[in-house]
Amino acid sequence: MSSLLIKGGTVVSASGRCEADVYAQNGSIKTIGSALNMPADEVVDASGQYVLPGAIDPHTHLAMPLNGYSSQDDFETGTVAAACGGVTSLIDFVDCRPGDSLYESIERKKSLARGKAALDYGFHGTIIEDRPELIAELKPACLDYGVPSFKVYMVYDIRVDDAAILQLLAEAKKHGALVQVHAENPAVIDYMNRVLAQKGKLAPYYHAKSRPNLCEAEAIHRMLKMAELTGSRVYIVHLSTAEGLEHIRRARERGVEVYAETCPQYLTLTEELYKSPGFEGAKYVCSPPLRTEADNRALWSGIRTGAIQTLATDHCPFDFHGLKDRFGTDDYKKIPNGAPGIETLLPVMYTAGVAKGRISLEKLVEVLSTNTSRIFGLRSKGEIAVGKDADLVVFDPKQKFTIQSGKLHMNVDYTPFEGFELEGMPSLVYSRGLKVAQWTGSQMEFCGKPGRGRFLKGRPLAGGV
Ligand code: URP
Ligand code: ZN
Ligand code: ZN
């Protein structure tokens with residue numbers, strides 16, 4: 001029997017905040033009230049600090065294979081880094097190989113997490129082929145495997161065509177599954193790649209030019225029309241453009257059940273970074289690319305108004321030295337796509353969102369925890385409430401920290417947020433009542449147990465969010 005009592009903090013939910021003590025036993029929250037004085041193995045004085053539900057990152061690529069390499073964080077380093085940033089659960093993408101069943105690919109990914117993950121984790125399936133057996137597996141995935149969400153790509157060589165997407169949407173609707181989409185138009189990218197190559201424009205900056213806003217907006221619009229036709233719910237991953245957001249807003253007004261996710265990089269960084277000296281712009285090569293300040297502003301307004309429901313990282317790290325700069329110096333198309341972010345999600349979003357007055361702290365909790373747990377059916381997570389897991393972050397709004405890659409725990413040699421001045425940091429992080437990370441006075445340190453993380457069975461979303 002282990003117990004934890006957090007006293008004197010301001011407990012924050014998606015709907016408000018109050019001064020309260022939180023008592024947890026054996027990993028779950030037992031009592032929330034004032035002046036609690038039960039004995040506990042660990043008693044924390046949180047006065048002057050916020051007590052937040054741990055953030056849930058619903059979009060990570062741990063140990064993801066790419067062209068003979070792997071994204072560099074595995075389930076151990078990735079969850080250690082996550083814990084140090086106040087993320088207490090994540091949902092990772094299962095990597096499918098041609099011919100695999102969903103079951104096989106889920107089991108393979110589970111075996112990568114088992115014995116390594118320091119935090120609880122769930123999975124999204126990935127549908128990379130138009131095969132009837134795969135579509136038929138949606139039902140057991142929702143009911144038995146605990147994987148009720150599936151990503152399809154409209155780009156890359158793992159894309160499926162509109163006919164397959166329509167079938168998938170229709171089947172998903174029968175079982176309450178959620179289809180997630182990476183929405184970009186591949187014909188636009190091919191065309192722009194050719195135009196840019198003819199002009200010899202191959203530096204990292206042209207990665208952004210090869211995927212203009214309309215490339216995302218058109219694909220989102222098409223996807224939303226397909227969801228409208230089939231009456232299925234749909235989730236847009238890593239939304240990056242004002243135009244895409246506008247299509248989402250209009251579709252919602254027409255009654256389409258659409259959810260949208262964006263990421264810190266699309267809210268705080270711009271395409272100007274691709275012009276960084278030397279080859280440094282390659283650090284920001286991810287798809288979709290970084291956009292403009294006008295897009296950043298539109299996405300913040302999307303969060304404020306509820307058109308965007310979740311924040312995620314799309315954490316997919318590749319070293320700058322040795323990987324990004326090994327393959328892409330003569331052509332942006334060869335730069336491994338992806339960027340790290342799992343450790344900086346909460347403090348960057350607190351600083352850029354709450355401290356800068358763009359969103360309330362309650363909204364931050366909603367988009368980092370509460371909506372995410374509801375959309376992906378992680379019933380024990382996402383809120384500070386009796387019966388929920390004691391996944392808690394004691395957050396100090398007075399603690400400043402300048403981001404330096406060398407002080408972070410992600411297994412990668414850079415961060416897109418180098419030099420970013422944080423105006424608040426987690427001071428203590430708990431996963432099911434166990435302390436997993438703490439502020440040392442100069443940086444975060446991990447103090448959890450790799451291998452303790454459990455697979456979280458997701459359940460299909462009942463009703464809307
Ligand atoms: O560039 C990115 N985002 N890489 C990760 C895979 C994806 O598309 O989400
Ligand atoms: Zn994607
Ligand atoms: Zn991704």
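These are my notes from a first look through a predicted model of one protein chain.

**Ground rules**

I'm counting residues from 1 along each chain as its sequence is written, with chains lettered from A and ligands numbered from 1 in the order in which they are written. Since the model is predicted, local features need pLDDT of at least 70 and side-chain atom pairs count only at pLDDT 80 or more, while totals for chains, interfaces and linings use all residues; side-chain values use heavy atoms, with hydrogens and water left out.

**Overall build**

I started with the secondary structure and got 14 helices and 19 strands. Helices (H or I, at least four residues) and strands (E, at least two) are DSSP runs, numbered from the N terminus. Next I looked up the radius of gyration: it is 21 Å, close to the 23 Å that the globule rule gives for 465 residues, so the chain is as compact as a globular protein of that length. For that I used C-alpha atoms, and the rule is 2.2 Å times the number of residues to the power 0.38. Along the principal axes, the C-alpha atoms fill a box of roughly 70 × 50 × 40 Å.

How much of the chain is buried? I find 62% of the 465 residues. Buried means under 20% relative accessible area, exposed over 50%, and partly exposed in between (1.4 Å probe, protein chains only). The accessible surface of the chain is about 16800 Å², and 50% of it belongs to carbon and sulfur atoms. Those areas come from the Shrake-Rupley method with a 1.4 Å probe, and for residues only the protein chains shown count as cover.

I also checked contacts (heavy atoms within 4.5 Å). Of those with a separation of 6 or more, 76% are between residues 24 or more positions apart.

Charges came next: the mean positions of the 53 positive and 56 negative ones are 2 Å apart. Lys and Arg count as positive and Asp and Glu as negative, without His and the chain ends; I placed the charges at NZ of Lys, CZ of Arg, CG of Asp or CD of Glu.

I found an open sheet of eight strands in the order 6-9-10-11-12-13-14-15, with parallel pairing. Its edge strands are strand 6 (55-60) and strand 15 (310-311), each pairing on one side only. Two strands pair if DSSP finds at least two bridges between them. Inside the sheet, I looked at strand 9 (residues 87-93) and strand 10 (residues 120-126), which are joined by five bridges. There, L90 has Y121 as its bridge partner.

What does strand 16 (residues 392-402) pair with? I see four bridges to strand 5 (residues 50-53), antiparallel, and Y50 has F395 as its partner. Strand 16 also pairs with strand 17 (residues 421-431) over eight bridges, again in the antiparallel sense. Here D396 is partnered by M425, and V394 stands opposite L428.

Strand 17 itself is mostly covered, with nine of its 11 residues buried. Four bridges join it to strand 18 (residues 434-439), also antiparallel, and Y430 stands opposite K435. Two residues lie between the strands of this hairpin, and R432 takes a positive phi near 40°.

**Helix 1, buried or exposed?**

Eight of the 10 residues of helix 1 (residues 75-84) are buried, so the helix is largely enclosed by the rest of the structure. F75, G78 and C84 are among them. I looked for what covers these residues, and the cover includes strand 9, helix 2 (102-113), strand 10, strand 17, strand 18 and strand 19 (444-446).

Most residues other than glycine have a negative phi, and most peptide bonds are trans. I noted some exceptions.

- N26 has a phi near 50°. N26 sits in the loop between strand 2 (17-25) and strand 3 (28-33) and is partly exposed, with a relative accessible area of 47%.
- Y156 has a positive phi of about 70°. I located Y156 in the loop between strand 11 (149-153) and helix 5 (162-175), partly exposed at 29% relative accessible area.
- S287 and P288 are joined by a cis peptide bond, with omega about 0°. P288 lies in the loop between helix 10 (264-268) and helix 11 (293-305).
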